[in-house]
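Hi everyone, thanks for coming.

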Amino acid sequence: MPSPETGLLPTTSRPALRPWRVPALLPHPAQTLRLLSETLHLLAESTITATLRHWSAVAAFAHDLVRRGRVIPQLTGESAQPVDMWSIPEATAEARWFPVLTGADAAHFRDLAVAMPPACRTGAEEHPSSAVLTDALATFTDAAVRARLTEPLAVRPKTLEDRWLAALTGPDAACPDIPELRRSLNAWREAAGAEGATQVCFRLVEPPAPTPPATPDLDQEEPWWRVELALQPLDDPSLRVPADQIWSGAPIPGLPPRADHELLAGLGRALRLYPALDQALRTAHPTELLLDTAGAFTFLRQAAPLLHAAGFVVQLPRWAGRSKLGLKLTTRTKKQQAATSQGFGLRQLVDFKVELAVGDATITEAELTELARLKVPLVRVRGQWVELDERQLKAALRAVETRREGELTAAEILQHVIQGDDGELPLVEVDADGVLGDLLSGTADRRLTPIPTPPGLDAVLRPYQERGLAWLSFLSELGLGGVLADDMGLGKTVATLSLLVHEKSGRPTLLVCPMSLIGNWQREAARFAPGLRVHVHHGASRDPAKLTDADLVITTYGTAQRDLDTLKQVAWRRVVCDEAQAIKNSGTLQAQAVRSITAETRLALTGTPVENHLAELWSIMEFCNPGLLGSKQRFRTRFQEPIEARQDAQAEQALKRATGPFVLRRLKTDKSIISDLPEKLEVKEWCTLTPEQASLYQAVVDDMMGKIDGSEGIERRGLVLAAMAKLKQVCNHPAHLLKDGSRLAGRSGKLARTEELAAEILAEGEKGLLFTQYSEYGSMLQPYLAQRLDRPVLWLHGGLPKKTRDRLVERFQHDDEPMLFLLSLKAAGVGLNLTAANHVIHLDRWWNPAVEDQATDRAFRIGQRKNVQVRKLICAGTLEERIDEMIERKKALAERVVGTGEDWLTDLSTAELREVFRLGSGAVA
Amino acid sequence: MAWAWWHPGAGAGHRAGVVGVPVGKDGWFEAGKPLKADGLRARTQRGSIGSTWWSRRFIDILERVCDKGRLSRGRAYARTGQVLDLDLAPGLVTARVQGSRREPYTVEIRIEVYGEAVWSMLERVIAEQAVHRARLLAGEMPTEIEELFAAHGIDLFPRDLDLDCSCPDWSRPCKHVSAVLYLLAESFDDDPFLVLAWRGRSKEELLGSMEEPGAPVVEDVPFGERLADFYSPGAGVPRPELRPPPPAGLLLRVHPPPGDLAHRLRPAYEALGGKAGEEEPAELV
């Protein structure tokens, strides 16, 4: 059976196992590792197979283990011959590095073993995946260590041990055997790897709040903190068994039989890192460690990170690491001012006040002085614990000396909030009233007066869309750029069109989008905003003169970069970036080009959750509001690194404050949205053809029409059906028609759109069904999509035995990972229940709505609690669009006229067929 | 009961090590050079032997009672593999040492075994404070154990050792005994429980049997059922959490390596973390 990446189709539908001899290449470990971890992405896509990707994940795992020092050196292989005392011992053994797999690493090992494609473990027999993985991981680990260790551990080795140490670096691992060393190293490895199936947990619990409730002054008594001891199984972190339960000796479900030994051994290891633990272990059955405040601070700052790094579970109070001293900004709007939008303008003056804050509370100068005098690193302020460090205290004392109150413009306040901190003291809270407050809190869309469907928009806006329009229009009028990042399916296109219709600015808006979306924008504009003058600036026939006569100019990222000089000369009302992920990399020429086009206001549309991709977020924000977030470098040190490396909650808060005003992201799952949405949303996605597709299409039409013309009866019917099949294949992909196993990327507009949609679905953490009526197209797509999206793409077709189908369905329904399920329309008949999906994409059209609906119902069934979005991909200007129109026109009659098959098309006259097949002018982007 | 350990190889190794028979000049007293042997070798090939405090205690006893010449020859024996095997049973360590005679000498080191009553008292005392079992289970002899025993009138380490060797040397300890003691000390480094086992209580008796965790094993789906997706992953792999590298050499701190390897390996562990950032593996596109 060919592997799917070859593009070849299996010649048999019922494959069986048989021994097969293949030539093999035994590559050098170091080179293999380099290939898998550094240069894999340079290979042609068709050579990156699923198995190679799996090995690449193993290699990445090895690198990660090595980087974290989870490796241990060993002496392997026993000497076969007794060593002659008087000769130099021969190098019969090897010095090797092995991984140490405990805790999360052991779990990841198991995941990798389960995921291993069968092809990775073939041989004379079926090798167990764990054995194959153990060997491979050890080999990669050894190679990765050697790649990093450039200095030898022993220069001019004298003893046997020296020779072993010397062999731990460099390319040659051979060294003499030293049985005793070998055995004690082995015992060491066992001890290090025997951290068992459990982890010891330390949970720091703050002292109970004093009763009666805290008075507004500072609490000064010495309370006891507790570190509770517990054990938790690796495979179920939700089961946390307190130590006293372990000591009771009763067997605990989920824990190994001698859980008490695991707890003791873990405590014994923890003692080496945290000697203060000793005092807790002076009883027979310790359950907790009591600490004074200074001890608790040491635990927080020193022991906790160390213990965590060594694989122990450490749980800290929620405030740990986040409630620090900071500044609080309060602003109050003044009355009677001229306003531009919804009673608000950026030049408006507001009163402001800056105070010192700790958590939710502000503190006075006197309280601060008292804190400084106490010299304790952990204090309770109004019932809330706060970590104080010397530097912050000094900064705070300096800050209170300069009273900060006065008047600023709204724009300055905005700037201040976004730029944030004052050196040592971060801005931790903002309390602003009025519209400025709404804007700063990121809730403007809910506070502003919704704008009803503007006249001229041929649609009825749903309530959340009215709020979205109010938000878009509000930001535009203030001259601020926005990011509309609503979940896919909530109508970002309509939102943009409604803004243009509502605004009627008279100056053109430039919309930049990927080529695959041009057709869609064109048709959506024509449908929803027929009054807008739309011009597509793309392709050979583009004309600079037409740019200023339109309300909406649509172009692609590529063209925008090429025609930058022309585009810069137009006085744009607005530049819109659709699929703004395209400019996620701020350094690319494309992103620079789009940024350099001046406009009064800007808008970015994206369906991916921007908050998860921080570098991307900066680049998109830089497009919307240049300079507002500061330099990329500053953004990195202030937000990206603290959030990504340390999950710093305070930095996360600050980022939210800085970007919240400009990002509107609503989820389908929001209660306020879900009630506005229909349960099933059907959308047509218009795709364009690539020039290659168009010329193939034309060639097929010419060839087939010639044949059809001179035929009749059964022969003619056959030819018509064949012509239709071929044309639909061209619309799918040139390689689908040619069946030559050629490369897929960049040759089909429909495939490009499929990829974009699929990526969005997966980025939202959801699952989707993809239907095609051609199983050969599915077989081509499966490996391609799996590789491009780096997520599972299951493939169900008629050639699968029942058992396999059931396994696929089972996995799709119950695996939590976002994934796609590719199904052949015919194989996915009745009986399948795929309610885990809330997206359905029909890759090609079956000219019978009933069949499509039946497939759609796989996802849309009783038990489906989410809204389902159905997308039908249609190539504009081809038979797909024409037949879609016919179906739409005859909707009421469709069932009867169309029947169950595609036969009705064969009854069309040759002239009618010519019209149906004709390649329209808008087909090619 | 005996805990046999350190029988190198498959048994063929050390016996075959006796090559040729250069008998001493006087026929029976040992000549300067011992016969070549491939027995147990001390791990530390230079300097002093015994890296933990509890193994040093044995060496201290030895070095107090033995003269310098025998000591250094004993150390050399321990390093060249003259000790063919070594058995530890409650109260008795037996070993065979290859000297200059064809027949290896037998060394016996006796120690007082605590009686049942003493042991049950000691077990109670050890169990009273979890810290002792915790340290023992993590592979070290708690320093306080010695004081704890002493407080109850019991010596953990003997003041004197009852030593015996079948060699003709009159002096005790002879170099054969000291060789064995050096190796014994090294084995105590690796497993402090052996000290207690010599006194009559094995680790298992003291703490109950331990579960040995094996490598994670995964049940594979047979190829026959994976024909349809033979080339595809069987499941998704959740992306591992990207953890910042811990302080360099943390593993060495939590799990001290045998002997004096910690300081020799530290540079390697330091080089693994942090600085090698330029080699970060590229993410797949």
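## Where the chains meet

Let's start with the interface: chain A and chain B bury about 9,200 Å² between them, and carbon and sulfur atoms give 61% of that area. On the chain A side, the residues that lose the most area to chain B are Arg67(A), Trp188(A) and Arg272(A), together 8% of what that side buries. The contact takes 111 residues from chain A and 91 residues from chain B. Please keep in mind that this is a predicted model.

A quick word on chain B itself. It has 11 helices and 5 strands. Of the 285 residues in chain B, 51% are buried. If you take the contacts in chain B between residues at least 6 apart in sequence, 69% of them join residues at least 24 apart.

Now over to chain A and one of its sheets. This is an open sheet of 6 strands with parallel pairing, and in chain A the order reads 23-28-27-24-26-25. Which strands stand at the edges? They are strand 23 (680–687) and strand 25 (793–796) of chain A; each has a single partner strand, so one side of each is left without a neighbour in the sheet. On average, neighbouring strands here are turned by 20° against each other, direction ignored.

Let's stay with strand 25 of chain A for a moment. Its partner is strand 26 (residues 820–824) of chain A; the two run parallel and are joined by 4 bridges. Within that pairing, Leu794(A) has Phe821(A) as its bridge partner, while Trp795(A) has Leu822(A). To get from strand 25 to strand 26, the chain crosses through helix 30 (residues 802–814) of chain A, and this β-α-β crossover is right-handed. As for the side chains of strand 25 in chain A, Val793(A) and Trp795(A) point one way, Leu794(A) and Leu796(A) point the other way, and all are buried.

Helix 28 (residues 749–763) of chain A lies across several strands of chain A, including strand 24 (768–772) and strand 27 (839–842). Against strand 28 (868–875) of chain A, helix 28 runs at about 165°.

Next, helix 16 (residues 492–503) of chain A. From first C-alpha to last, its 12 residues reach 16 Å, close to the 16 Å expected at 1.5 Å a residue. Is this helix enclosed or open, and why? Well, 10 of the 12 residues of helix 16 of chain A are buried, so the helix is largely enclosed by the rest of the structure. Among the buried ones are Lys492(A), Thr496(A) and Leu500(A).

Arg666(A) sits in the loop between strand 22 (663–664) and helix 24 (671–674) of chain A. Is Arg666(A) buried or exposed? Buried, because its relative accessible area is 6%, under the 20% cut-off. Beyond its sequence neighbours up to four places away, Arg666(A) touches residues including Asp445(A), Asp486(A) and Asp487(A).

The other is Gly406(A), in strand 14 (residues 405–409) of chain A. Gly406(A) counts as partly exposed, at 28% relative accessibility. Leaving aside neighbours within four places in sequence, Gly406(A) is in contact with Val350(A), Asp351(A) and Phe352(A).

Technical notes. Residues are numbered from 1 along each chain as its sequence is written. Chains are lettered from A and ligands numbered from 1 in the order in which they are written. This is a predicted model: local features need pLDDT of at least 70, side-chain atom pairs count only at pLDDT 80 or more; totals for chains, interfaces and linings use all residues. Side-chain values use heavy atoms; hydrogens and water are left out. Two strands pair if DSSP finds at least two bridges between them. Axes are lines fitted to C-alpha atoms, for helices over the stretch in contact, and angles run from 0 to 180 degrees between N-to-C directions. Contact means heavy atoms within 4.5 Å. Buried means under 20% relative accessible area, exposed over 50%, partly exposed in between (1.4 Å probe, protein chains only). A crossover is right-handed if, with the strands pointing away from the viewer, the path from the first strand over the helix to the second runs clockwise. The expected span of a helix is 1.5 Å times one less than its number of residues. Buried area is the accessible area (1.4 Å probe) that two parts lose on being put together, summed over both.
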